[in-house]
Amino acid sequence: MGFLLLGHCLLAQNISVVRVVGSTYNLDEKAPLPFATVALYSPIDTSLVTGTTSELDGKFSIPNITPGNYILRVSSIGYGTVAKNITVTNERRAFQVGQIDLKAGIELDEFVVKATYIPVQMKEDTVEYSAEAFRAPEGSMLEDLLKRFPGAEVSADGKITVNGKDISKILVNGKKFFDDDPKVAAKNLPANMVDKVQVFDRSSDMARFSGIDDGESESVINLVVRKDMARGWFGRATAGGGMDMPADNINDHLRYENNLTLNYFNEQSQFTILGGLNNTNNSGFTDATGSGGQAMMVFGDRGRNAFGGSNGIRQSANIGINFSKKTEKAELGGDYQLGHTNNFINQDVFRENIRINNNNYYTEHSERRDITNQHRFRFELEYKLDSANEFTIKPNLTYSNKDYNNIGTYLTTGLDHLLINKGATSISEESAYINTNLELSYRHRFGKPRRTLWLSGQVGYNSNNGDRYNYSDNHYAIIASDTTDQFVDNASNRLNYRLTANYTEPLGKILALSLRYTYVQTMDNTDKQTFTANGNGLYNIVDSIYSTVYENRFVQHRAEATLQWKIRNTNYNFGLGLYPSQSYSTVEGVQRLNQHVLNFAPTFQIRYSPSRSKSLRIRYNGEANQPSMNQLQPVPDKSDPLDVKLGNPDLKPYFTHRLRLFYTNFNQQKLSSVVGMLFGTFAQNAITSVSITDPALYPELQLPDSMAPGTIFSRYENVDYTYNFGGNFVYTTPIKGSKFTFSTITGLTMTNSKSIIDRRTSTTTNTGGNEQLKLTYRREKFDFSVNGRLALNNANYSLYPEKNVFYQTVSAGMDGNWTIVKGVILSSDLSYNKTTGYADGYNPEATKWNAQISWVIGKSNQGIIRLRVTDLLNRNYNTVRNTTSTYIEDVNYNALGRYFILAFTYNLNAAKASEAPQREMREGYDGRPRMPMGVPPPGGGGQPVIIRN
């Protein structure tokens, strides 16, 4: 044993590592060249070994290099590429390669490095993914590519999250693309147009102008378009058709997918036309109206777990135009969207309602048809009068109309399964929604650096007008049956103003002060008239109980002062905000509410960046909000006969405290990344739901003395507080000496919510954790990935500990692409999912298998013929669990089953890469310096490398 240990030690001594050092130099400017990419390649197969970037003084250092032969490659965008063979010797001192000289625009084609891609890079607070390293199947859209990135998820309804952060916008080459709807780009842009995907937090317009972070940021994606599509026309058109398998009635089971994307890009302009027509649940554009355009803010009241596709089966048609243009003084852009959706949803519900003394079981079957037509317009103009003055104008408009029909049956039983009530319901509604907004801003830079003034004004108006018929036939075990037959004419609108003034003043070299004042006024009006039918079937009898005219005015002043300073590699922001607000409301012309609330909160942000690849950010901010119109208006809503909802005009505004911690670290040598995020939200005067089963406990509401069995009244009240917190941890690394990449995602959430049931407060704590592991293998002609995920969820009830529930989901999957012969690609993905802890009949176990074969044709590979079969085993389903303070619910939705699509795609690419050398931008898309780091893919895979002996 001793000889073995001695031999091992001697071997370890012989295999030492060396540091390779040198410098990069700009021959044109006779000065050091910073931020040049320096990489070492294997001379055997030209695979990447490791690399770094040069510092501000041009010097670079690559540690931990094993002695041997290498190709040293040095490049910088806009400059020539220099490469030479080197032999690193086993010496104690650093291995010197000397000064590497680069000249602008000189490229020699003497040696070609094989395709080598860095899957993930960190550039300060930007995560950059190489599209080629996560290649999606031929004919895929952008969302298929995003799903392959470690830390990225795309939900069934198209919501995009990366490392736990919701993506609010997608940019294309730094320019807005259908500004407020990232799903448009994800579902309509082809994956093959993308070279890199950059994810970062973008500060507000005001923060980017003043240089002082105001804590208002959003997570965005920027798509870097491939160089061969950087200038000229390019696009694609796809036509496809198929049918369900099996198909009992061909006319009812035909499937089709058709889409068109046409783009024109150059250095100053972008223009895109896109359109689609399908019945395979690709909605194209997001429905801007949501549920009538009114937000329902109830804090921490729901835990949700879901598997499967989007709810129902959807037909959609859409067309959109997006443009942007930049001149010397102006930058303008905008878009127009026209969308149509026809969604059919069939659902089965099993719910256990939590009551004080009489819990019950509720089951429901319903069928819903929801047809929406929508127009959306956005325009933006930014004009620079001179170097010190500029202004912006941003108008936008949304118009939507809906046709909604829902029929269903329900049954409520006690815990002994004896009948409480049963019945049938029908709702039909036609509504129109308008939302318009205009924002104007003026910005001025004074002669003194960092002294700025920002003035902005915003006015918005939205209205929601609808006619609804409510019908229900209700039967009870111990009292007579009753019928609801109503016609509701509802007209509501909101007018809001916002005025902001922001002034920044430098207080020295490292210190700056920001002063901001904002005035906000919101006016809500509702005129709701409810009628019942007379004997002739005409709805002309006014039901005063369910009718009202309601008005609310909310006024808020926000005064904030912030200090910012920087010491070495740490930025500090500390501030204080005062937020007085007033709320006035009247019902039928009689004043009901006149309340004044004063909130104040400190704000702070600390950003620590010890290196360009490592950063830590801690941020806190507070925000005051008003209740929604639906929560305020004191008018019963009987669309659900078992749960009559009633607003509360005495609600106070709520104040939300938010704390975020975000950490990133990219190891340049190992090409591994770590991303961690912790978050917490604490709401004061939080708005929560109230369930009333005993009207005698609420005499002030003048409710009926008795209620039908199994029915409740619901309203809203303020509680002292609610909170939720959680975190995500993402780790990605290549496995040394192989083509494998390993990633893990760990998540934890805890939500504390409160509800009131007959004057008693119930606290519900939902906790959840999940762990996902993924292993990816990438080669030129073959790639695959395997993954596994475990999700655990637990709900604890303070009033009813016997109702505590635990449920879990185990899932696994794999996907791969195989180029069988040149131009023929086989793609497949397989997923398994098993849930336990749901109600009987709602614990699904399924294996979903999709497969596709593609044939690339044409001299320039312009055509693709694809045959795709979705859900080969015909086991698709969509099951959701909802856990709230007042019920535990499992829902099964109808979902698309097995079907096939045969499609042809034609790729148009008349674009040309710029023949002139281009320098990489020295400023990020959010206005902050963003220098190139790491070792980018060499030209996107296969770029000339100069060998100079």
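**Exercise 1.** Is Ile-319 buried, partly exposed or exposed, and why?

*Solution.* Before we start, note that this model is predicted: local features need pLDDT of at least 70, side-chain atom pairs count only at pLDDT 80 or more, and totals for chains, interfaces and linings use all residues. Residues are numbered from 1 along each chain as its sequence is written, and side-chain values use heavy atoms, leaving out hydrogens and water.

Step 1: recall the classes: buried is under 20% relative accessible area, exposed is over 50%, and partly exposed lies in between (1.4 Å probe, protein chains only).
Step 2: Ile-319 counts as partly exposed because its relative accessibility is 42%.

**Exercise 2.** Describe the aromatic pair of Phe-234 and Phe-265.

*Solution.* Step 1: rings of Phe, Tyr and Trp (its six-membered ring) pair if their centres lie within 6.5 Å; planes under 30 degrees apart are stacked, over 60 edge-to-face, and the rest tilted.
Step 1: the structure holds 29 such pairs. In this one, the centres are 5.3 Å apart and the planes make 90 degrees, an edge-to-face pair.
Step 2: Phe-234 belongs to strand β18 (residues 232–244) and Phe-265 to strand β19 (residues 254–265), so the pair ties together parts 31 residues apart in sequence.
Step 3: Phe-234 counts as buried because its relative accessibility is 2%; Phe-265, at 1%, counts as buried too.

**Exercise 3.** Which residues do ring pairs link into a cluster?

*Solution.* Look for Trp-565, Tyr-572, Phe-574, Phe-604 and Tyr-620.

How values were computed: Helix = DSSP H or I, 4+ residues; strand = E, 2+ residues; numbered from the N terminus.
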